[in-house]
Amino acid sequence: MSAQPQPRRLENVQTDRGSVPVYATGTVEQPWDSYSAADHDVWRRLYARQREILPGRACDAFLRAQDAMGMTPDRIPKFSDLNAALGAATGWQIVGVEGLLPELDFFTHLANRRFPVSWWIRRADQIDYIEEPDLFHDLFGHVPLLMDPMFADYLEAYGKGGVKAHGFGPEALMQLARLYWYTVEFGLIRQPDGLRIYGAGIVSSKGESIHCLESAAPNRIGFDLERVMRTRYRIDTYQKTYFVIDSFEQLIEATLPDFAPLYARLAGQPEHAPEAVLPADRVLHAGTQQAD
Ligand code: PHE
Ligand code: FE
């Protein structure tokens, strides 16, 4: 089955520095009929395994949204079905992609409330770990929270911020990438009944879903925008530090101001190591950083 790339599309993105023309590339139609029984089975196994451990670990907004949008274990969902629910809830849409997009294309999709989802799913021998984001990570991990009005607004704002950050150079883009990493991918949130996961990189991983909440190894530190933007991250292990927000409102408020002065202030300042604990941190748990 060949998924046909569509032609490059030129579109305008509104930023607070004006309207910027950008290309959105590489979207493909989900080749749903080409999924094999083995593909559907990988989805079913991963879905069942995660939903067994996520109650009491994933935040309520995530679990509620996943049910509300009609994702089920029995077969790989059709993007068109999910888009009907998403469109009605927040106006977000899923677009199929072959894999990771160039950064500016990715930001442009988000700025227009489109979330790129890899159309292909990992093989059965990759159940526990895969390097690239596949359909399970993208769809199961990222898409449910697009049903949440607050999170939906945050991600759109992030996309616009990304388009704008291109005018500020590689250091600004790196800082913005860290914000994405420590929130959208690996964020924790404080609920009245305890810490919960909202990051897609965690909820799509059995090992890290347990590790991030139950292990003594990693730091759990209250979210602080500048702190996060200065902190390097690991891509080869579970995270050494998780940043905890109190609410999606907090995230929106913290990231609402113009980042231009922030990029200027942060330029050339030292970075923090992934496992650092700093005097100014609101420490919920100081990690042992020992293997467990
Ligand atoms: N307020 C940021 C800016 O002016 C944009 C942004 C919003 C970035 C949300 C990240 C997350 O650049
Ligand atoms: Fe992701």
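Author: Two helices, α6 (149–165) and α7 (170–185), each supply at least two residues of the shell around ligand 1, where helices are DSSP runs of H or I with at least four residues, numbered from the N terminus. This is a predicted model, in which local features need pLDDT of at least 70 and side-chain atom pairs count only at pLDDT 80 or more, while totals for chains, interfaces and linings use all residues. Residues are numbered from 1 along each chain as its sequence is written, ligands are numbered from 1 in the order in which they are written, and side-chain values use heavy atoms, with hydrogens and water left out.

Reader: What makes a residue part of the shell around ligand 1, and which residues surround ligand 1?

Author: A residue is near a molecule if one of its heavy atoms lies within 4 Å of it, and ligand 1 is surrounded by Y154, A157, Y158, G161, K164, L176, L179, T255, L256, P257, D258 and F259. The largest share, five residues, comes from α6.

Reader: How do you know that K164 makes a polar contact with ligand 1?

Author: A polar contact is a pair of N or O atoms within 3.5 Å, and a polar side-chain atom of K164 lies 2.5 Å from an oxygen atom of ligand 1, so the pair qualifies. A backbone N or O atom of T255 lies 2.6 Å from a nitrogen atom of the ligand, and one of F259 lies 3.0 Å from an oxygen atom of ligand 1. The protein covers 94% of the 330 Å² of accessible area that ligand 1 has on its own, as computed by the Shrake-Rupley method with a 1.4 Å probe.

Reader: Why are α6 and α7 called roughly antiparallel?

Author: Axes are lines fitted to C-alpha atoms over the stretch in contact, and angles run from 0 to 180 degrees between N-to-C directions. Angles under 35 degrees count as roughly parallel, over 145 as roughly antiparallel, 65 to 115 as roughly perpendicular and the rest as oblique. The helices α6 and α7 pack at about 165°, with their axes 10 Å apart, and are therefore roughly antiparallel.

Reader: What makes α4 oblique to α6?

Author: Helix α4 (residues 103–111) and α6 pack at an angle of about 140°, with their axes 7 Å apart, and that makes α4 oblique to α6.

Key:
A polar contact is a pair of N or O atoms within 3.5 Å; within protein, one must be able to donate a hydrogen and the other to accept it, and residues adjacent in sequence count only if both atoms are side-chain atoms.
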